[in-house]
Amino acid sequence: MTESIYQLRCIGCASIVARDQMPSNFRCPLCGELYEVEYPGWSRGASPTETKSWMPNASALRWLWKERCHSTDPLDQSGVWRFREVLPILADFSQAVTLREGNTPLYSMPRSAKSAGVERLLAKHQGMNPTGSFKDTGMTSALSVARERGYTWVACASTGNTSAAMAAYAARAGMNSLVLIPEGKIAWGKLSQAMDYGSLTCQLRTDFDGCVHVLGEVVKRAPVYLLNSVNPYRLEGQKTPAFEIAEELDWEVPDHVIVPGGNLANCSALGKGFLEMRQLGLTTRVPRISVIQAEGANPLFLSIEQHGGNSLQAVEAQTRATAIRIGNPASWRKAVRILRETGGFCEQVTEAEIALAKAEIGREGIGCEPASAVTLAGLKKLVHQGKVHASESVVLLLTGHTLKDSDYTIDFHRRTLLKPEESVGLESVLASLECGTVTLDASAEAVLRTLEERMSK
Ligand SMILES: *Cc1c(COP(=O)(O)O)cnc(C)c1O
């Protein structure tokens, strides 16, 4: 039934490639750009006259998707495959590899709202996925395609979370996985996950961008399926949080969604989700999608500032937010397109602003990775610049779990994270959030003295 519903179109030259002719590096042989999964009739830009193919009915879909939340079928229990009508990328859905990803919470963030200067702030916590990051939502979709195509090996280059997700889903499917990571530049928790799930893990003496380069050669020469986010099937899973956000808000979309930017696929996946929802008549509007980068890994920010988003120069990436430490993002054109289509902004934030935002989110009882915290730091900037108004409803996308990088958190509270010159101007507010640690004698008196000091503050 799903066989002819989708096609793969190059976002550069608009050529269409047959599914079994897809190059191993997922780049168009004509222009070098990436592909996108397109559904004639209801994808972006489809005209009503094109509606010759299957067009689902909006209210029937809303009802069906909600109904499935009560089902015991593993496919229905997945927050990705629950929406399978809008990602018909498998010939047989029963072959999907799922760990019950998605269905993540949308939290209200009253204190962060106050600190940012907006009335209504929500956080979609994608760190609450099975391996602790949003990568699971894209891995379930792309790895299922790999299995359906008969691959036994999958591979990725990773800053950590992609490898954790890929390793888990490959293990689940009984497949083998190869991980290339930059030596010493990923958080230990993430590396341990890839090991736990049995990946062949190679630490290369290079950065993430160097790993991508090496893997490009490997997939050309060996029968392994590439699962980096250049793989367009990843984005089909990663668009489903947009559906969850809309569903949770009774199909009213927020004014603004803010996403961290690394390799720059996730922002466009979410944008694709919101655009398709409008096309299907599920919603009437599309939120602005804004992308926030770390100042030390800001190639998209520079591209937009200096070249109007028409070209991108790679940078040497440097940030403690390792998940977004990427200098040459593969999907930057997709990101520019979504910023233009939704009227979103691109901002950069400093290491101190990231640390502060992460601590503030933590004080709401919600832990996240440093890369996720750029969203709150970026929102503050956008409010300050008058680009986001106090009355707008905003959703932050928290991309990873706090335990992914506990070293970062501990370094922050031990005051060893930031160099003095990095925190200029923010010293007192940072100090007010640092817990510090004290070592005491094993006596109630010592603890009580410390407690009294804290209570009197
Ligand atoms: C992968 C990742 C990102 C960046 O997403 P892109 O699609 O590469 O832009 C941000 N945060 C976390 C926690 C991630 O794992």
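Colleague: What makes you say that helix H14 lies across strand E10?

Modeller: Contact means heavy atoms within 4.5 Å, and H14 (residues 370–384) lies across E10 (256–260) as well as E5, E11, E12 and E13, running at about 135° to E10. Angles go from 0 to 180 degrees between N-to-C directions, with axes fitted to C-alpha atoms, for helices over the stretch in contact. Helices are DSSP runs of H or I with at least four residues, strands are E runs of at least two, and both are numbered from the N terminus.

Modeller: Keep in mind that this is a predicted model: local features need pLDDT of at least 70, side-chain atom pairs count only at pLDDT 80 or more, and totals for chains, interfaces and linings use all residues. Residues are numbered from 1 along each chain as its sequence is written, and side-chain values use heavy atoms, leaving out hydrogens and water.

Colleague: Why do you say that E11 and E12 pair?

Modeller: Two strands pair if DSSP finds at least two bridges between them. E11 (residues 288–294) and E12 have 4 bridges, in the parallel sense, so they count as paired. Val 291 stands opposite Cys 346 in E12.

Colleague: And why are E4 and E12 called edge strands?

Modeller: The open sheet has the order E4-E5-E13-E10-E11-E12, and E4 and E12 each pair on one side only.
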